[in-house]
Amino acid sequence: MAKILALTGNEAAAYAMMQINPDVVAAYPITPQTALMQKFADFVADGDVDTELILVESEHSAMSATVGASAGGARAMTATAANGLALMWEIVYIAASNRLPIVMPVVNRALSAPINILCDHSDSMGCRDAGWIQIYSENAQEAYDNTIQAMRIAEHPDVLTPAMVTLDGFIISHGMEDIRLLEKKEVQKFVGEYKPPYPLLNPQHPVTYGPIDFHDYYFEHKRPQVDGMENAKRVAVQVGHEFGQKSGRTYGLFDAYRMEDAEIAAVILGSTAGTARPVVDELRQRGIKAGLLKLRVFRPFPAMEIAKVLSGKKAVAVLDRSLSFGAQGGPLFCEVCSALYNEGHRIPVINFIYGLGGRAVEIENIQEVYQKLGKVAKTGNVTKIVNYLNLRE
Amino acid sequence: MSQAKEPGYKDLPLGALILDAGNSEKYETGGWRTFMPVHDPKKCTNCLLCWILCPDGAIIVKNEKFAGFNMKHCKGCGICAEECPPKIKAITMVKEKK
Ligand code: SF4
Ligand code: SF4
């Protein structure tokens, strides 16, 4: 029987980690992730897990220790946010290149400067090319569910790719919700035992991790990462389905909310999707055919699948909670536009940059998005491609 | 060298791992040399410090005695010449001739 507890997003993610019972966790505190690791440290102190918790001196070391443990054959995890993730950067790439299925909750927070501890997606978006799977959560329940599923996806033999599970800093990480927890033994059964293909700590079969690799092989060694990432799409759908059978909550690559007959639609990542849902409902009551595409798996990017759902819409808005300086819009916008272009759909798409550094996104801000979208749908004209939501001029 | 003989990306172990232990023997570092070590058997006391300290295992020892350099792997670093005891100096580095 599922247990219902009132938990914050951080606690929910920590519960997922406790129920996974990883062999090694290495961590360094950073707001807003601190409470997550604090809760996990409670589980360690209370003997609820067998985990070796390594307290390191920086995030660079946290990721390094996690990589070392994972290469050694352990199921290894860590968690971080913002500048912590930035400090991990070098080793974040190495985890992916070594094909180590580490799972890491990332509690989304703005990158400095100016220094800011509140939510935006610039941290995880900044490492979208690092080779990690990225799963975005809408609420604390999803942070819990996604953390458990990410383990299965990352460790799948066709994938063997590390995964980040994001949760919006403070909005999800510190907001309390009713969380439906699985039993620990159900989670244990779901994630199964990790059987590392080439553990470093196997004296019968000594292997070398991280050798030097020049122009003659580096290229060939990078290319299989593309396949692992591509396979993650199929595996994420499988695992999401199986998770649904256990929990009643089925997951796909995205959630298409009232999209079937929608004429205008917004594409959103993270907690803001929850703000958009009632706006869509209200528009529907007024006879406006609005829809919402909440993207869950950003890496691998489900381009064809998204293009299919958006095809035939009169206008689409893509919301980005991060900037990509010098690009043609936010990172999600650019991905969605390429997906549509490659599938041959010429739909007007506008971009909204929003919520940087914790700037509030209220119902009326989302209403403004759909109002603008309605205008674009009517005229077919896009006057301003990139818009800034709730920014003082 | 013909490209066709080299393995393609699907043939390689994941994560650039090296699965066969001790295969550094196949990697010939001899091509890196600018200077090569030259040994003087008249001075050598067979203390074997050079054998202990050579980073590439390129000192050949037979019957507990210095027996030459493995030039396929000697990369010409000069550590052996440097570490050969000061009063002996049985190894000198000379410019590699092409
Ligand atoms: S260190 Fe010098 S003396 Fe000792 S074995 Fe080597 S060459 Fe001979
Ligand atoms: S030069 Fe360097 S590599 Fe060559 S034998 Fe001497 S110590 Fe070894």
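Predicted model: local features only at pLDDT ≥ 70, side-chain atom pairs only at ≥ 80, totals over all residues.

1. Domain bounds, as used in this note, come from an automatic or database domain assignment. On that basis chain A is divided into domain 1, covering 3-192 + 202-242, and domain 2, covering 254-388.

2. Overall form of chain A. The secondary structure of chain A comprises 12 helices and 15 strands. Its radius of gyration is 21 Å, close to the 21 Å that the globule rule gives for 393 residues, so chain A is as compact as a globular protein of that length. Along the principal axes, the C-alpha trace of chain A spans about 70 × 55 × 45 Å.

3. Overall form of chain B. Chain B contains 2 helices and 4 strands, and their order along the sequence is β-α-β-β-α-β. The radius of gyration of chain B, 17 Å, is well over the 13 Å that the globule rule gives for 98 residues, so chain B is more spread out than a compact globule. The C-alpha trace of chain B spans about 55 × 30 × 20 Å along its principal axes.

4. The two domains of chain A. A distance of 27 Å separates the C-alpha centres of domain 1 and domain 2 of chain A. Their contact involves 26 residues from domain 1 of chain A and 27 residues from domain 2 of chain A. Between these domains an area of about 2,100 Å² is buried, and carbon and sulfur atoms give 54% of it. On the domain 1 side, Arg128(A), Glu138(A) and Lys233(A) supply 29% of the area that this domain buries against domain 2 of chain A, more than any other three residues.

5. How many salt bridges are counted between domain 1 of chain A and domain 2 of chain A? The count is 5 salt bridges. Glu138(A), already named for its share of the buried area, meets Arg277(A) through their side chains in a salt bridge, at 2.3 Å from N to O.

6. Make-up of the domain 1 side. Four elements of chain A, namely α5 (122-126), β6 (133-136), α6 (140-155) and α8 (218-247), each supply at least two residues of the side of domain 1 that touches domain 2 of chain A. Of the elements contributing to this side, β6(A) gives the most, with 4 residues. By class, the residues of this side divide into 12 nonpolar, 7 polar and 7 charged.

7. The contact between the chains. Here 18 residues of chain A are in contact with 14 residues of chain B. The area buried between chain A and chain B is about 1,500 Å², with carbon and sulfur atoms giving 68%. Tyr198(A), Tyr217(A) and His221(A) supply 30% of the area that chain A buries against chain B, more than any other three residues.

8. Which element supplies the largest share of the side of chain A that touches chain B? That share, 5 residues, comes from α8(A). The side of chain A that touches chain B has 9 nonpolar, 4 polar and 5 charged residues.

Terms used
Residues numbered from 1 in each chain as written. Chains lettered and ligands numbered in written order. Heavy atoms only, no water. Contact = heavy atoms within 4.5 Å. Buried area = accessible area lost by both parts, 1.4 Å probe. Salt bridge = Lys/Arg side-chain N within 4 Å of Asp/Glu carboxyl O. Nonpolar A, V, L, I, M, F, W, Y, C, P; charged D, E, K, R; others polar. Rg over C-alpha atoms; globule rule 2.2 N^0.38 Å.
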